[in-house]
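Please read them with the model open.

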Amino acid sequence: EVEGKKGYVCKLEKSLYGLKQAPRQWYHKFDTFMITNEFVRCQSDHCVYVKKTTNGNYVILLLYVDDMLVAGSSMQDIVDLKKKLANTFDMKDLGEAKQILGMKITRDKQNHLLRLSQEDYIDKVLKRFNMKDAKSVTTPLAKHFKLTKHLSPKIDKEKEYMTKVPYASVVGSLMYAMVCTRPDIAQAVGVVSRFMNNPGKGHWEAVKWILRYLRGTSHYSLCFGGSNSCLQGYVDSDMAGDIDGGRSTTGYVFTIGGTAVSWISKLQQVVALSTTEAEYVAITEASKELIWLKRLMEELGKVQEDAKLWSDSQSAIHLAKNLAFHSRTKHIKLRYHFIRSALEDGSVSLGKIHTSQNPADMFTKVVTKEKLGSCSTWIGLKE
């Protein structure tokens with residue numbers, strides 16, 4: 001307090017690092033810089049900027065907090081952009097991208113292939129939690145695991161044991177691997193993450209099983225290649241797989257050129273009363289992601305006229321395409337009928353695929369080693 005000026009406050013002339021408003025101020029400054037340099041901010045993702053030159057070249061800049069990834073069809077355009085960035089911001093040029101956000105980028109220019117992997121990150125996680133020398137297994141989760149809230153500790157000895165277990169830290173580390181490059185563990189991580197608030201020994205054994213699976217598959221990577229940029233989606237659902245609440249699991253995966261770019265495995269918000277309803281709800285959730293991906297791809301100059309969503313439930317497809325009122329479905333919430341309007345206006349195309357060829361199957365339940373291998377191959381996850 002200054003004598004004679006009690007009750008006064010200081011006006012901040014410049015944002016300070018670490019304050020709540022600092023990230024917004026940083027983004028506002030960076031956004032202004034990009035717009036000034038004739039870049040267009042994608043409406044589908046405000047951290048993606050695109051610039052198309054008069055001679056047909058393009059430059060795409062991706063922003064993640066203060067990390068940037070620049071791609072383009074002309075190296076000179078990329079160099080010019082980096083010079084302008086260096087003149088405005090204190091930045092470090094790391095050259096050709098080899099790693100971003102813990103993901104390793106490997107290029108095979110001769111065969112036009114690009115691989116994304118997290119082998120180094122997974123090895124660090126295994127070492128951190130003393131699982132580096134554990135015996136590997138062939139599936140992310142085994143069928144003998146019946147995880148419920150009843151496995152939570154009940155006696156003091158169990159509670160004391162679990163206080164020494166880094167359950168939340170391990171699951172958080174697994175989540176990052178799952179989100180970035182490992183769709184094959186999405187269902188398993190989704191299951192173990194439901195018990196974060198009060199995990200028991202049975203839950204901890206399941207988490208260690210996932211780590212053992214990663215121990216033998218840490219070298220797996222998403223492999224992108226070729227000129228095919230067709231967007232395809234696959235959706236599936238189980239029926240009341242959640243033992244505690246009776247809710248079903250929605251699983252979907254979207255691929256571009258046969259390689260996964262977006263995937264999810266999560267419990268549905270409602271309790272489905274039939275397999276058809278569970279599949280119908282899953283299709284609606286997947287259709288929203290398809291519309292967003294199509295819009296983003298179009299803003300990047302790749303119009304997706306052949307994009308399609310595939311489901312293995314004929315009854316759910318018929319329900320989505322038939323606008324008639326059904327007495328058996330009148331209880332379904334209005335929001336889940338969104339798929340009908342999407343099909344009617346042509347923003348989503350829905351098709352039938354056989355269960356044996358649906359890669360989304362591994363996002364909804366525990367599958368065999370053979371089925372897991374097939375699903376992983378179909379979405380471009382390779383050794």
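1. Terms for burial come first. Buried means under 20% relative accessible area, exposed means over 50%, and partly exposed lies in between (1.4 Å probe, protein chains only). Arg182 counts as buried because its relative accessibility is 0%. Asp184 is buried too, at 3%.

2. This is a predicted model: local features need pLDDT of at least 70, side-chain atom pairs count only at pLDDT 80 or more, and totals for chains, interfaces and linings use all residues. Residues are numbered from 1 along each chain as its sequence is written, and side-chain values use heavy atoms, leaving out hydrogens and water.

3. A salt bridge here is a side-chain nitrogen of Lys or Arg within 4 Å of a carboxyl oxygen of Asp or Glu. The whole structure holds 14 of them. Arg182 and Asp184 form one, with their closest N and O atoms 2.9 Å apart.

4. Arg335 pairs with Glu285 in a salt bridge, closest N and O atoms 3.7 Å apart. The pair links distant parts of the chain, 50 residues apart: Arg335 sits in the loop between α9 (314–321) and α10 (338–344), Glu285 in helix α8 (residues 275–299). Helices (H or I, at least four residues) and strands (E, at least two) are DSSP runs, numbered from the N terminus. Arg335 is partly exposed at 42%, whereas Glu285 is buried at 15%.

5. Lys82 and Asp93 also meet in a salt bridge (3.1 Å, N to O). Lys82 lies in helix α2 (residues 75–88), and Asp93 in the loop between α2 and β5 (99–100). Lys82 is partly exposed at 23% relative accessibility; Asp93 is partly exposed at 46%.
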